[in-house]
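The sequence and structure are shown first.

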Amino acid sequence: MKHIILFTAALGLAACATPIAPAPVRADGLATIGQPTRVGQLVVTPQAVVEDSRCPINARCIWAGRLVLATRIDGAGWGETTNLTLGKPYTTHGVGLALMSAEPGRLAGMDPPHPAVLFSFEQR
């Protein structure tokens, strides 16, 4: 009897849990952190900026720097997380992908960088 009551209580609590709805998938190859977007046959979700050593847009630099973005890539029946580097093509499961831009760019003296960066992806 004790087991039935515990099971019933657990079942009742599980029924009250509200599932977290996934973020809607954009269809334009643009996304912010945590927002999925469709790029050809892939769904790409930026997860975190790993490195951003780009030259600030309001400064003069000798080296342009680089941006590395941890990115979730999902295809038909598979998914992986990898680091994409701005402007460098990446191929997985026979499909090419590239991180093309991150806007707005960094500003000198702004730390942390702008929180609402919009990333642009293209199929290659």
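## Overall make-up

A residue counts as buried when its relative accessible area is under 20%. By that cut-off, buried residues make up 30% of the 124 residues in the protein. The model is predicted.

The protein contains one helix and eight strands. Read from the N terminus, the order of elements is α-β-β-β-β-β-β-β-β. Of the contacts with a separation of 6 or more, 40% are between residues 24 or more positions apart.

## The four-stranded sheet

An open sheet is formed by four strands in the order S2-S3-S4-S5, with antiparallel pairing. Strand S2 (37-39) and strand S5 (78-85) are at the edges; each has a single partner strand, so one side of each lacks a neighbour in the sheet. From one strand to the next, the twist averages 35°.

S2 pairs with strand S3 (residues 42-52) over three bridges in the antiparallel sense. Val39 lies opposite Leu42 in S3.

How many of the nine residues of strand S4 (residues 67-75) are buried? Seven of them are, so the strand is largely enclosed by the rest of the structure.

On one pairing, S3 and S4 run antiparallel and are joined by eight bridges. Thr45 has Arg72 in S4 as its bridge partner. S4 also pairs with S5, in the antiparallel sense and over eight bridges. Here Arg72 stands opposite Thr81 in S5. S4 and S5 form a hairpin with two residues between them, and Gly77 in the turn has a positive phi of about 80°.

## Leu99 in strand S7

Leu99 belongs to strand S7 (residues 95-103). Is Leu99 buried or exposed? Its relative accessible area is 0%, so Leu99 is buried, the cut-off being under 20%.

Leaving aside residues up to four places away in sequence, Leu99 touches Leu67, Leu69, Leu84, Thr85, Leu86, Gly87, Phe119, Ser120 and Phe121. Gly29 is 70 residues from Leu99 along the chain, and the C-alpha atoms of the two are separated by 9.6 Å.

How values were computed
Residues numbered from 1 in each chain as written. Predicted model: local features only at pLDDT ≥ 70, side-chain atom pairs only at ≥ 80, totals over all residues. Heavy atoms only, no water. Buried < 20%, exposed > 50% of the residue type's maximum accessible area, 1.4 Å probe, protein only. Contact = heavy atoms within 4.5 Å. Pairing = 2+ DSSP bridges. Axes fitted to C-alpha atoms, helices over the stretch in contact; angles between N-to-C directions.
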